[in-house]
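Hello,

Here is the structure we spoke about handing over. My notes on what was found follow below it.

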Amino acid sequence: MQKIPSYILIVIGIVILLAGVKPTNTYFASLIPLLGSINYIIIIVIGAVVLAVGVFLLRSSNSGKQAPEVPIYQGKNVVGYRRG
């Protein structure tokens with residue numbers, strides 16, 4: 001269930017990183033005037049931190065792990081396995 005917020009953080013981190021790069025910085029500064037007064041290195045560091053948190057949350061989500069197989073018994077004999 002943590003995958004969607006992780007992907008959102010990754011996209012936000014990439015957008016913030018793009019706001020710190022010189023060609024796109026002028027575009028974002030025209031949209032948000034506050035960005036023009038912030039040093040671009042600070043914007044890049046913030047974007048990298050947000051991106052790293054998103055990647056960390058995505059890698060730590062355990063929803064991709066496979067369920068263990070459990071035996072199916074018929075009397076005392078194992079006749080098959082199913083995922084539990």
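Starting with helix 1 (residues 3-20), Ser 6 lies in this element; helices here are DSSP runs of H or I with at least four residues, strands are runs of E with at least two, and both are numbered from the N terminus. Ser 6 counts as buried because its relative accessibility is 0% (buried is under 20% relative accessible area, exposed over 50%, partly exposed in between, with a 1.4 Å probe and protein chains only). Setting aside residues up to four places away in sequence, Ser 6 touches Gly 54, Leu 57 and Leu 58, where contact means heavy atoms within 4.5 Å.

On provenance: this is a predicted model, in which local features need pLDDT of at least 70, side-chain atom pairs count only at pLDDT 80 or more, and totals for chains, interfaces and linings use all residues. Residues are numbered from 1 along each chain as its sequence is written, and side-chain values use heavy atoms, with hydrogens and water left out.

The protein has an average pLDDT of 86, and 90% of the residues score at least 70; pLDDT is the predictor's confidence in each residue, from 0 to 100. Confidence is lowest in helix 2, with a mean of 84, and highest in helix 3 (residues 40-60), at 92.

Ile 43, Gly 47, Val 50 and Gly 54 are buried in helix 3. They sit on the same side of helix 3 because they cover an arc of only 65° around the axis, the arc being that of the directions from the helix axis to the C-beta atoms. The buried residues of helix 3 pack against helix 1, while the face turned away from the buried side carries the exposed residues Phe 56 and Arg 59.

In helix 2 (residues 22-31) is Asn 25, which counts as buried at 13% relative accessibility. Beyond four places in sequence, Asn 25 touches Leu 18, Ala 19, Gly 20, Leu 35 and Tyr 40.

Last, strand 1 (residues 69-74) contains Tyr 73. Tyr 73 is exposed, with a relative accessible area of 53%. Leaving out neighbours within four places in sequence, Tyr 73 is in contact with Val 78 and Val 79.

Regards
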